[in-house]
Amino acid sequence: MIAMALTFAIGCFALGLALNLWRLLSSPTLGDRILALDTMAINMIALVVLLGIATGLEAFFEVSLVIAMVGFVSTIAYARFYLRGNIIE
Amino acid sequence: MPLYLEIAITALLVIAGVFGLVGSFGLLKLADPMARLHAPTKATTLGVGGVLLASMLHAWAAEGQVSFHELMVTLFLFATAPVTANYLAKLHVHRVIDRKTLPLTGTVTDWATLPEKVDTAASPAHEPALQALRD
């Protein structure tokens, strides 16, 4: 039962990643592209955690934490660069 | 593994998958850039929260002890998603929307994020680089 639900959830998040990629390639403004990248990072966290459940390896949670931090910092840096032309003033 | 835990983990995984898919689909489907901000920052964050909750329950059922790594990721995500949304909304208000089309605040003060006066003459030095970044 859990294996089927895992397959369903992995399929949902993988489809979500594909939709985000589509949004990234076809978005009208740069803000939407930054948002699509941020959503891709969040979906990747979900995929890595699902992989951790499926394999039972503890190391995947550190991976997801690192992806969360890098995704947040890169989104803020990109948005800030677009907003102010500078990241650290 | 007891049956009720298995049912709970399965339900959490399915709900989380649906939420994640709805968030990503909303990012593609919604018409207005400001409305598009809602889908990933709420639905997808909830989806990831559900996945992490399922992971905690699974670790508890499999090994008998709750692992707190997932809780850290959840707290980090729930703390950073509003910050990201705030930054992107600010970017939109400053860079994309015309100031005259913004709705009035209804008080004596203007929007807090906007400067007192729009000074289009004093363009910052990085403007050409930003222009190149835009489509």
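**Exercise 1.** Is the crossing of α2(A) and α1(B) left-handed or right-handed? Describe how these two helices meet.

*Solution.*
Step 1. Settle the conventions. This is a predicted model, in which local features need pLDDT of at least 70, side-chain atom pairs count only at pLDDT 80 or more, and totals for chains, interfaces and linings use all residues. Residues are numbered from 1 along each chain as its sequence is written, while chains are lettered from A and ligands numbered from 1 in the order in which they are written.

Step 2. Take the axes, which are lines fitted to C-alpha atoms, for helices over the stretch in contact, with angles from 0 to 180 degrees between N-to-C directions. The axes of α2(A) and α1(B) cross at roughly 165° and come within 11 Å. Because of this angle, α2(A) is roughly antiparallel to α1(B). Angles over 145 degrees count as roughly antiparallel, under 35 as roughly parallel, 65 to 115 as roughly perpendicular and the rest as oblique.

Step 3. The crossing of α2(A) and α1(B) is left-handed, a term for a near helix turned anticlockwise from the far one by less than a right angle, clockwise being right-handed.

Step 4. Name the residues. From α2(A) come Leu35(A), Ala36(A), Thr39(A), Asn43(A) and Ala46(A), and from α1(B) come Gly20(B), Ser24(B) and Leu27(B). Residues are in contact if their C-beta atoms, placed from the backbone, lie within 7 Å. By class, this contact of α2(A) with α1(B) has 4 nonpolar, 4 polar and no charged residues. Ala, Val, Leu, Ile, Met, Phe, Trp, Tyr, Cys and Pro count as nonpolar, Asp, Glu, Lys and Arg as charged, and the others, Gly among them, as polar.

**Exercise 2.** Describe the fold and the dimensions of chain A.

*Solution.*
Step 1. Chain A has 3 helices and 0 strands, in the order α-α-α along the sequence. Helices (H or I, at least four residues) and strands (E, at least two) are DSSP runs, numbered from the N terminus.

Step 2. The C-alpha atoms of chain A fill a box of roughly 50 × 30 × 10 Å along the principal axes.

Step 3. The radius of gyration of chain A is 15 Å, whereas a compact globule of 89 residues would have one near 12 Å. This radius is taken over C-alpha atoms, and the globule rule is 2.2 Å times the number of residues to the power 0.38.

**Exercise 3.** Work out what each chain brings to the contact between A and B.

*Solution.*
Step 1. Chain A gives 44 residues and chain B gives 50 residues. On chain A, α1 (2–26), α2 (30–55) and α3 (59–84) each supply at least two residues. The largest share of that side, 16 residues, is from α2(A). The side of chain A that touches chain B comprises 29 nonpolar, 11 polar and 4 charged residues.

Step 2. α1(A) and α1(B) pack with axes 8 Å apart, at an angle of about 10°. α1(A) is therefore roughly parallel to α1(B).

Step 3. α2(A) also packs with helix α3 (residues 38–63) of chain B, at about 15° and with axes 9 Å apart. This angle makes α2(A) roughly parallel to α3(B), and their crossing is left-handed. Among the residues that meet here are Leu35(A) and Ile42(A) in α2(A), and Val48(B) and His58(B) in α3(B).

**Exercise 4.** Compare the confidence given to the chains.

*Solution.*
Step 1. pLDDT is the predictor's confidence in each residue, from 0 to 100. Chain A has a mean of 90, with 100% of its residues at 70 or more; chain B has a mean of 82, with 84% of its residues at 70 or more.

Step 2. In chain B, helix α5 (residues 127–133) is lowest, at a mean of 57, and helix α1 (residues 3–29) is highest, at 93. Residues 118–122 of chain B stay under 50.

Step 3. For the complex, the predictor gives an ipTM of 0.87 and a pTM of 0.82.

Conventions: Contact = placed C-beta atoms within 7 Å.
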